[in-house]
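Dear colleague,

I am passing on the structure that we talked about, and below it you will find my notes on what was computed from it. Please read them alongside the coordinates.

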Protein chains: 2
Amino acid sequence: MNVPLSATLAANEELQRRRHAGERVLHLAFGEAGLPVHPALSERLSAASGHNGYGQVAGVPVLREAAAGYWERRGLRTDPDLVVCGPGSKSLLYGLLLAIGGDVVLPKPSWVSYAAQAELVGVRPIMLPAPPGEGGAPDPDLVAEAVLTARAEGRTVGSMLITLPDNPSGTLVRPGTVKRLVQTARDLDLVIISDEIYRDLVHDNLAGYLSPADLAPERTVITTGLSKNLALGGWRIGVARLPDEAHELRALLLAIASEIWSCPAVPVQQAAAYAFTEPEELRDRVVASRKLHGAVARAVHARFIRAGAAVSPPQGGFYLYPDLGHLRSRLGIRTGAELAALLLDQYGVGVLPGEVFGDDPAAIRVRVATSLLYGDTSERRLTALAAADPLSLPWIAGALDHLTEALSDLAAPRSVTNLRRRRSLVPDPVTG
Amino acid sequence: MNVPLSATLAANEELQRRRHAGERVLHLAFGEAGLPVHPALSERLSAASGHNGYGQVAGVPVLREAAAGYWERRGLRTDPDLVVCGPGSKSLLYGLLLAIGGDVVLPKPSWVSYAAQAELVGVRPIMLPAPPGEGGAPDPDLVAEAVLTARAEGRTVGSMLITLPDNPSGTLVRPGTVKRLVQTARDLDLVIISDEIYRDLVHDNLAGYLSPADLAPERTVITTGLSKNLALGGWRIGVARLPDEAHELRALLLAIASEIWSCPAVPVQQAAAYAFTEPEELRDRVVASRKLHGAVARAVHARFIRAGAAVSPPQGGFYLYPDLGHLRSRLGIRTGAELAALLLDQYGVGVLPGEVFGDDPAAIRVRVATSLLYGDTSERRLTALAAADPLSLPWIAGALDHLTEALSDLAAPRSVTNLRRRRSLVPDPVTG
């Protein structure tokens, strides 16, 4: 249960320690959007600082109406009464798993918290790999058999959770796959939970985005928030769009919400209501963010490709999920965790091993988050946002050079000295 | 699970409907502190509006240190590393029940969310009445037998949860009772969760306050927040002080927190850090609030006494828990819910029936919250806060008159007309 926390905290603490000790570190381990609050949102939060009543558990009406408008502009007719707000979409996902009940089908790998939440709720995650070359959704061909097997064992399976676009892989499931998943969910009577928190950060061809709610509004819950598109992670605000006519699910979710978190902070709700109306100043900010995330993710992708990694091109958000299995024997490593330890110890590069996301520990895969490269200060981050060529800014170029050196050295033939240094990181199978 | 939400929402919606229809309603059904945000806190929230990073799951260090100082000033040595913040103490209570595990001993009646949270977590609440004349803690004489019986049935019992001072009764458990509860908890190896969110609102003799943490720091968790003393309910901020050396419980609680809510809104954490340092301007506000709550609660208490109710004098917070059992046969009512319905329907007075708090449905007891009588506007509320004699303010005097009339009429001999009107509210046992 506490593995994900430990893994991320341990990486972060080690990176902080090295930074304080004057070492050059490259923080690629955290999924924070890494950009400043837009001043219009700060102003709205300040203006709402007198709001101290509890308000409605589902969220203040102005926020639910704004969120409904957000989805209407994306082609989804939305009843504000079927919008439920929470202190982050994470809370809503937890509440949904509890409310829907039964085991949940997840992609493997997938965001650390899905499986951990399932464990807390007391249900079993059924983790299935994505179709080849895709990420964020289980292969539809595998779902039916897995669900029917679980049901034959007397288990209940209630939902399937997908991420469009995906964390950790940074890819977006193809429309044809979404169609097949929807058909599978209908055949098996599963609720589809579609985590679309990175939707506005699809780098290109946003118009081609297909949500399962477009095809199966009767069984799809969409969750999103402002943590990624507007970088408001620490403000804790998320929204869920429930299936058409899902009044029973709504009542259950609200009962759960009322007993665990009551409502998101009301001043934050007021500012979020403004954000979900998508005024021009915030649309511009999201467009600039999307461009920056895409440019840096593609630059990092190119460096992993040059090092011989197998890695899908990034399509959304700020993640990559390279497979460096070709270096397994050359580096003498046996797991993704050993690769992450090696990158941190020898090169000061912090990433997370794939096993944290439910992947096979023996796979030499790591998740690379590229959003903390934009600078250490608000000034640098705003400069990066505004830059025509952010890759040429010295702090971003320097970070990319750091990564290039690390990956070149990693892929280069190993000297005896290097081998000896490296070996000390790998526990001996005999002595433990 | 959704009963508490339904009960409070139904009461609120009915009151809103009647208010909009031009009826005179008296809202005694909600536990909101009913006072404005102190401007110093609004300013701190505004100043922190640029904070958008996730921060630490346990809360930002400045908040944890300030909360430790808050407890130090109350005679409790506190390690900031054993302080955990959450989006409301409600969230922390949920996380604690999940982390500690096992059934939980609760007072009967007690705050609606304790038993509901236990149900969500999948453990059983063991509800035991308070010692005669007290509220907020189970009678220590009953705890050992109940816990040993549950254990003999193969169940695990992990904790005892008490409320000092209490919601719904508005009373404070005697120090002697706290001592016996602590001894019982030691004998049975139970964690004591002490919900002290109303501590700063004890009306008199604050110096005589005894927390179980004073006696058993090795097994007591204290939870509190700023919803009551500083009326910041809608800001969602709570803090827990874990037992000495409880590093394992801390790790578990943080793992749970990291998977459900991540952290409280960071701008709110920054403002809360200021609040917990207790600067003079905020101490003055809490003192004024305490006086106002006490004065109005005592005035409402006097009116229930005059109507012949059995009701303990209020000692803290803004609640009363009158027993109008003497009117049972005269009014032809059989439950506290029927009394609440009668008060709402005939007199526009909204209260909550005792059964919502786990009390015997057949008891003619209701919870009366007195904090929404201070006025409908910030101006009136500030006037009430500053008034030497708030009871003489026309809007408060008017509300008290409304209550006096309702209670007088209730206690008066019933006319046939009254009886006929009233009867329509009570479902006929034959026709349903």
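Helices (H or I, at least four residues) and strands (E, at least two) are taken as DSSP runs and numbered from the N terminus. This is a predicted model, so local features need pLDDT of at least 70 and side-chain atom pairs count only at pLDDT 80 or more, while totals for chains, interfaces and linings use all residues. Residues are numbered from 1 along each chain as its sequence is written, chains are lettered from A and ligands numbered from 1 in the order in which they are written, and side-chain values use heavy atoms, with hydrogens and water left out.

With that numbering, A:Asn205 lies in the loop between strand 6 (191-195) and helix 8 (212-215) of chain A, and its phi is near 50°, a positive value in a residue other than glycine. Two cis peptide bonds also deserve a mention. One joins A:Asn167 and A:Pro168, with omega about 25°, and A:Pro168 is found in the loop between strand 5 (157-163) and helix 7 (175-188) of chain A. Another runs from B:Lys108 to B:Pro109, with omega near 5°, and B:Pro109 sits in the loop between strand 3 and helix 5 of chain B. As background, most residues other than glycine have a negative phi, and most peptide bonds are trans.

Turning to the sheet of chain B, 7 strands form an open sheet in the order 2-8-7-6-5-3-4, with mixed pairing, where two strands pair if DSSP finds at least two bridges between them. Its edges are strand 2 (83-86) and strand 4 (125-129) of chain B, each of which pairs on one side only. Neighbouring strands of this sheet are turned by 25° against each other on average, direction ignored (axes are lines fitted to C-alpha atoms, for helices over the stretch in contact, and angles run from 0 to 180 degrees between N-to-C directions). Within the sheet, strand 6 (residues 191-195) and strand 7 (residues 220-225) of chain B pair in the parallel sense over 4 bridges, and B:Asp195 stands opposite B:Thr223 in strand 7 of chain B. Helix 3 (residues 61-72) of chain B packs on the sheet, touching strand 2, strand 7 and strand 8 (238-241) of chain B, where contact means heavy atoms within 4.5 Å; the direction of helix 3 makes about 115° with that of strand 2 of chain B.

As for the interface, the contact takes 52 residues from chain B and 53 residues from chain A. Together the two chains bury about 4000 Å², 58% of it on carbon and sulfur atoms (buried area is the accessible area, with a 1.4 Å probe, that two parts lose on being put together, summed over both). B:Asn52, B:Tyr54 and B:Glu259 supply 19% of the area that chain B buries against chain A, more than any other three residues. The count between chain B and chain A is 0 salt bridges, a salt bridge being a side-chain nitrogen of Lys or Arg within 4 Å of a carboxyl oxygen of Asp or Glu.

Over all chains, however, the structure holds 35 salt bridges. One of them is formed by A:Arg74 with A:Glu278, the closest N and O atoms being 2.7 Å apart. A:Arg74 lies in the loop between helix 3 (61-72) and strand 2 (83-86) of chain A and A:Glu278 in the loop between helix 10 (266-276) and helix 11 (280-306) of chain A, so this pair ties together parts that are 204 residues apart in sequence.
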